[in-house]
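Please read the following note alongside the sequence and the coordinates.

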Amino acid sequence: MLLDGSGVWRYRELILPAPERFVVTRPEGNTNLYPVGIENCGAGRVGHRQIGSYAGLERFFLKHEGENPTGSFKDRGMTVGVTMANMLGAKAVACASTGNTSASLASYAAQAGLPGIVFLPATNVAAGKLAQSLAYGARTIQIEGDFDDAMRLVEQVCNELGIYLLNSLNPFRVEGQKAIGFELLQQLDWQAPDWLVLPAGNLGNTSAIGKAFRQAYNLSLISHMPRIASIQAAGANPFYKSFTQGFAQREKVQADTLATAIRIGNPVSYTRARRVIEESDGIVEQVTDEEILAAKAVIDRAGIGCEPASAATLAGVRKLVAAGIIKRDEQVVGILTGNLLKDSKTGIPQTIGGGSVKATIEAVRSVLAQ
Ligand code: F0G
C-alpha cells in the first residue's frame, strides 16, 4: 500500500485509520537515527563520536527530524492534521507558529489544495521558515506581538470564521507526532531506551512522544517506559519553573531566547505534557542560550547540523549527565527537531575569515599554506 512508504501512515492503526483517498502525504518520516555515543558510534564515524564525548555518554543516538520534507518534525503531525481537515471538508486551515509549524502547514495545505493561513510573530522568525510559508503560498499574517499573542488570535479567528485550527491543540497533530516515538522504537528493534530527550516549547511534542511510549508499553511492544527529559531555553522556561515547584502552579513567562522556535511563554499543551513527565518519571531541565550555541557548534561540526532549538537536546543531555541524573552507561535517544538550513544566521559565522581570494593558483596556494 502506498501509505507504507510514510513513517507516519505505516503506523496508521495506532494513529488514524483514514481512508487512503483522503490522505495528504509527502511522504514524511523515515528519519535517521544516528549512533553518536562514545561506544556505539562505530567505525567511520569518528566525527560523530565528538557528540558522545560532549554529552559524556557511551550509548547515545540522535534522531534527526530535520530530515522531514519541510525540514522539521512538524510534518509528522501536519500530514495527519491536514488529512483530517480533508475528511471534514474544511474550507481553510490555520495555525500560529514560531516558523516551523507554519512552513509545514503551508506545504501540506498547498498539496491538498486548501487555503492555508499562518500567524507569525512579526519579529524573531528565522528567515528560512518565513520563506517557506511565503513560497508555498500560505496567507501569512505577521502579528506585532509574540507567539503567545499569535496563538490567542488564531484561536479566536478560527472560532469566529470556522477555520480548521492546526496547532498542537488539535489532537490529530499530536497523533501524527507519536510516529517519532514508534519509528525510533522500531529502529531500536523495540528495545526501549532509558531516556528520551527533546526540546520543549509549546509542549506538543513532549505530549505526543509520551503518548506513543505509553501506547507501545500498554501493547507490550516495549518492556518499560523510557524516562522523558524536556529541555527548555532558560529565557523561555514556564514548564521548567512549574516543574521545579512540583507542578503546584502553572507559570507564564515573558519569553526570550535566540532559539526562536521555542520562544514561548504560555505553552498550550502544558497539561498533557505535565502528565507525560509525571507518568514517565521524567524531568524538565533548562539550558542557557550560551549552552545551546555551544551544543549546536558540536552537532554542526560533526557534519550533522541542526537549528538552534534542536541543540537544546544536546545541551540538556550534557547537563543531566554532569549532574548524575542520566548515568553515563544508560542508553539515550535525543531528538533533533529542525534542519540547520532553517536558521542560517544564529550561531554560524556570517563572514569567511580573510574574505575572498584572487582567482590565481598562487593566491590559493598562499591561503592554504597559512
Ligand atoms: N524544536 C523546533 C525546531 C520547533 O520548531 C519547536 C516548536 C520545538 C522544538 C518545540 O516543540 O512546541 O512541541 O514543544 N515549534 C512550534 C512552531 C512552536 O510553531 O513551529 P513543542
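Predicted model: local features only at pLDDT ≥ 70, side-chain atom pairs only at ≥ 80, totals over all residues.

1. The ligand is surrounded by 23 residues. The closest of these are Ser97, Asn100, Asn202, Thr337 and Gly338.

2. In terms of residue class, 15 members of the shell around the ligand are polar, six are nonpolar and two are charged.

3. Three helices each supply at least two residues of this shell: H3 (100-112), H7 (204-218) and H11 (308-322). The largest share, three residues, comes from H7.

4. Both domain 1 (33-70 + 171-342) and domain 2 (73-165) take part in the shell around the ligand, each with at least three residues.

5. Six strands form an open sheet in the order E1-E2-E10-E7-E8-E9, and their pairing is mixed. Strand E1 (33-35) and strand E9 (283-287) are the edge strands, each pairing on one side only. From one strand to the next, the twist averages 25 degrees.

6. Within this sheet, strand E7 (residues 195-199) pairs with strand E8 (residues 227-233) in the parallel sense, over five bridges. Tryptophan 195 has arginine 227, in E8, as its bridge partner.

7. Helix H11 links the two topics of this note: H11 supplies at least two residues of the shell around the ligand, and H11 also packs on the sheet. There H11 touches E7, E8, E9 and strand E10 (331-336). The direction of H11 makes about 135 degrees with that of E7.

Key. Residues numbered from 1 in each chain as written. Near = placed C-beta within 6 Å. Helix = DSSP H or I, 4+ residues; strand = E, 2+ residues; numbered from the N terminus. Nonpolar A, V, L, I, M, F, W, Y, C, P; charged D, E, K, R; others polar. Domains from an automatic or database assignment. Pairing = 2+ DSSP bridges. Axes fitted to C-alpha atoms, helices over the stretch in contact; angles between N-to-C directions. Contact = placed C-beta atoms within 7 Å.
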